[in-house]
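Please look over the sequence and the model shown here. The report after them goes through a few features one at a time.

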Amino acid sequence: PVEYFSRLEEDLDIHLENLSPGLSKKATQRDKEILLLASAGFTQTEIAVKLHISQTSVYRHLQKIRNLLKKGV
């Protein structure tokens, strides 16, 4: 399982860089973790419970990624 998630994180970094150069460096580890869970189909509520954070925090992390994508970093 650890190797699987490590590979997912590496793949995510590659995809983020392809979308917008520099994006993977601007996104925190937590941003990426939440993005991976969201892309796997988890709701914001489910992500919040799984990571022991508030739903507002999940929303803010996802909003940060959206904003970075819109800006094109």
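## Basis of the model

This is a predicted model, in which local features need pLDDT of at least 70 and side-chain atom pairs count only at pLDDT 80 or more, while totals for chains, interfaces and linings use all residues. Residues are numbered from 1 along each chain as its sequence is written, and side-chain values use heavy atoms, with hydrogens and water left out.

Helices are DSSP runs of H or I with at least four residues, and strands are runs of E with at least two; both are numbered from the N terminus. A residue is called buried under 20% relative accessible area, exposed over 50%, and partly exposed in between (1.4 Å probe, protein chains only).

## Nonpolar cores

A nonpolar core is a set of buried Ala, Val, Leu, Ile, Met, Phe, Trp, Tyr and Cys residues joined through side-chain atoms within 4.5 Å. The largest one has 7 residues, namely Ile34, Leu37, Ile47, Ala48, Leu51, Val58 and Leu62. At least two residues of this core come from each of α3, α4 and α5, and α4 gives the largest share, 3 residues. Apart from this core lies another, of 5 residues, including Leu12, Leu23, Leu36 and Leu68. In soluble globular proteins, nonpolar side chains tend to be buried together.

Alanine 48 is one of the residues of the largest core. Alanine 48 lies in helix α4 (residues 44–51) and is buried, with a relative accessible area of 6%. Leaving aside residues up to four places away in sequence, alanine 48 is in contact (heavy atoms within 4.5 Å) with Ile53, Ser54, Gln55 and Val58. Between alanine 48 and valine 58, which are 10 residues apart along the chain, the C-alpha separation is 6.3 Å.

## Salt bridges between helices

A salt bridge is a side-chain nitrogen of Lys or Arg within 4 Å of a carboxyl oxygen of Asp or Glu. How many salt bridges does a search of the whole structure find? The search finds 5.

One of them joins the side chains of lysine 32 and aspartate 13, at 2.7 Å from N to O. Lysine 32 is in helix α3 and aspartate 13 in helix α1, so this pair ties together parts that are 19 residues apart in sequence. Lysine 32 counts as buried, at 11% relative accessibility, whereas aspartate 13 is partly exposed at 26%. Another joins aspartate 31 and lysine 64, at 2.8 Å from N to O. Aspartate 31 is in helix α3 and lysine 64 in helix α5 (residues 55–71), so the pair ties together parts that are 33 residues apart in sequence. Aspartate 31 is buried, with a relative accessible area of 1%, and lysine 64 is partly exposed, with 30%.

## Salt bridges along a helix

The side chains of arginine 7 and glutamate 10 also meet in a salt bridge, at 3.5 Å from N to O. The two residues are separated by about one helical turn because they are 3 residues apart in helix α1. Both count as partly exposed: arginine 7 at 47% relative accessibility and glutamate 10 at 41%. A network of salt bridges links Arg7, Glu10 and Asp11.

## The largest pocket

A pocket is found on a 1 Å grid over the protein atoms alone: it is an open set of points where a 1.4 Å probe fits, with protein on both sides within 12 Å along at least five of seven lines, and its lining residues have an atom within 4 Å of a point. Grid points are joined across faces, edges and corners, and the volume is the space filled by probe spheres set on the points.

The largest pocket has a volume of about 220 Å³. The elements giving two or more residues to its lining are α1 (2–19) and α3 (29–39). Among the lining residues are Tyr4, Phe5, Leu8, Glu33, Leu36 and Leu37. The lining divides into 8 nonpolar, 1 polar and 2 charged residues. Here Ala, Val, Leu, Ile, Met, Phe, Trp, Tyr, Cys and Pro count as nonpolar, Asp, Glu, Lys and Arg as charged, and the others, Gly among them, as polar.

Glycine 41 follows α3 and has a positive phi, near 105 degrees. Histidine 52 is a residue other than glycine with a positive phi, near 60 degrees. Most residues other than glycine have a negative phi. Histidine 52 is found in the loop between α4 and α5 and is exposed, with a relative accessible area of 72%.
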